[in-house]
Amino acid sequence: MSFLPSPEPLPRGKHIGTARAHPRVAYVVKMYPRFSETFIVSEILAHEAAGMLLGIFSLRPPVDTHFQDLLAKVRSPVRYIFSDRPRLPEFWSALSYAGNRLPRFWQSLGAFTGEDSRDVHQAVLLATELEAGGFTHVHAHFASVASSVARMAARFTGLPFSFTAHAKDIFHESVDAGDFRRKLSDASAVVTVSDHNLEFLRRTYGPIASRVRRIYNGLHLDSFPYSSPVRRDELVVAVGRLVEKKGFDDLIRALATLRDQGRRVRCEIIGAGDMEQQLRSLISHLALQDTVHLVGPLPQKDVRNRVRAATVLAAPCVNGADGNRDGLPTVLLEGMALGTPCISTDVAGIPEAVRHEETGLLVAERDVPALASGIVRLLDDAELRRRLAAAARRLVESDFDVRRNAEAVRKLFAAKAAGEEAA
């Protein structure tokens with residue numbers, strides 16, 4: 001299923017030989033579009049602006065009720081490779097069709113006898129789409145199901161495969177280390193989004209992870225104009241899914257601490273998620289209904305305006321009980337670009353962007369008194385806000401420009417293509 005036209009295919013049988021002259025990259029994701037994954041859309045837009053031909057393949061239908069306005073700028077075609085657990089006749093039909101079109105299909109299939117049948121079925125369907133569309137490279141975002149399907153489809157077609165690992169797909173207790181090793185082994189290139197992630201992968205998986213590259217997520221900086229935070233309304237804003245790893249319950253408790261100290265601070269928490277009712281109950285229990293507002297999800301333009309108007313952006317992230325954690329939240333980069341002083345925690349890759357007393361303030365995770373104290377410092381000290389915000393903008397410009405970082409990703413794709421052409 002597709003809601004945009006198919007790309008013109010390259011001549012069949014010339015994927016590798018034409019990779020340099022006509023590169024066409026398939027981006028495989030679990031779900032597209034997804035409200036919280038603006039970093040993927042930003043990367044796609046940067047590739048498009050550089051002239052790279054792309055196709056987007058989604059393994060699940062979207063479920064979000066709101067979508068970011070950034071999506072309207074994407075021009076690449078989108079395919080939905082829908083599949084429930086296949087019935088045996090349709091499964092064999094898909095295999096037979098792929099076997100007739102893909103010369104290496106049958107010899108490759110035996111390597112995946114232990115894989116989930118739904119993933120195999122989607123990989124077969126994806127492989128035939130890749131062959132028909134003349135794609136030259138397969139890249140997946142997240143090392144979970146998208147990489148599982150992309151890895152198999154790449155083997156069926158003989159195309160190079162790469163993936164970007166983010167956070168939950170690295171740290172969650174459900175991650176299968178053996179499966180991750182196989183993906184590392186088969187990938188022509190692997191990207192992760194922070195030095196913290198890189199060190200974890202190399203420590204956990206040893207030499208097989210030596211080729212992993214750290215390439216930060218980035219922003220289209222033209223969309224995030226800087227403004228001085230010296231004169232702003234007294235507002236604390238937080239943005240993200242309402243899930244444990246965001247630490248929004250700690251933020252609410254910190255605001256209760258400030259209220260008990262005689263300081264009533266207005267706060268808006270933007271986003272939706274499984275903890276919404278739990279957070280609402282906590283707000284009610286602490287009698288903060290007039291202070292803390294759960295405003296739900298908003299389009300990126302509105303989020304940007306709220307963050308730009310705030311005195312403080314709070315991101316009190318934590319390590320979840322299930323191992324889940326944020327890699328480096330994009331909203332922190334957005335706040336830093338806009339000139340909004342940030343306070344966050346020393347979790348995962350966050351200190352790589354929010355450098356304590358240099359580009360923002362850091363506190364230990366779950367340290368509610370320190371979080372409350374840091375918020376007050378930022379609210380009361382205009383010169384501190386100015387200094388931190390100016391340094392934060394400089395850092396974002398140097399390390400988190402999506403055009404520069406997407407170019408680094410394209411070089412990984414090109415290096416593989418060049419190597420195969422030279423062989």
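Which charged end sits over the ring of F171? The legends below take this predicted model view by view.

**View 1. An arginine sits over the ring of F171.** The residue is R325. Its charged end lies 3.9 Å from the centre of the F171 ring.

**View 2. R304 lies over the face of F224.** Here the distance to the ring centre is 5.4 Å.

**View 3. Y216 and F400 form a tilted ring pair.** The model holds 11 aromatic pairs, counted with ring centres within 6.5 Å. The centres of the Y216 and F400 rings are 4.5 Å apart and their planes meet at 40°, so this pair counts as tilted. Y216 sits in the loop between β7 (212–214) and β8 (235–239). F400 sits in the loop between α14 (382–399) and α15 (402–422). The pair therefore ties together parts that lie 184 residues apart in sequence. Both Y216 and F400 are buried.

**View 4. Ring pairs build a cluster.** Its members are F105, W106, F112 and F156.

**View 5. The whole protein chain, for orientation, has 15 helices and 13 strands.** Its radius of gyration is 23 Å, close to the 22 Å that the globule rule gives for 423 residues, so the chain is as compact as a globular protein of that length. Along the principal axes, the C-alpha atoms fill a box of roughly 75 × 40 × 40 Å. Of the 423 residues, 58% are buried. Take the contacts between residues at least 6 apart in sequence: 75% join residues at least 24 apart. The accessible surface comes to about 17,600 Å², with 50% belonging to carbon and sulfur atoms.

Methods:
Residues are numbered from 1 along each chain as its sequence is written. This is a predicted model: local features need pLDDT of at least 70, side-chain atom pairs count only at pLDDT 80 or more; totals for chains, interfaces and linings use all residues. Side-chain values use heavy atoms; hydrogens and water are left out. Rings of Phe, Tyr and Trp (its six-membered ring) pair if their centres lie within 6.5 Å; planes under 30 degrees apart count as stacked, over 60 as edge-to-face and the rest as tilted. Helices (H or I, at least four residues) and strands (E, at least two) are DSSP runs, numbered from the N terminus. Buried means under 20% relative accessible area, exposed over 50%, partly exposed in between (1.4 Å probe, protein chains only). A charge sits over a ring if NZ of Lys or CZ of Arg is within 6 Å of the ring centre and within 35 degrees of the ring normal. The radius of gyration is taken over C-alpha atoms; the globule rule is 2.2 Å times the number of residues to the power 0.38. Contact means heavy atoms within 4.5 Å. Accessible areas come from the Shrake-Rupley method with a 1.4 Å probe; for residues, only the protein chains shown count as cover.
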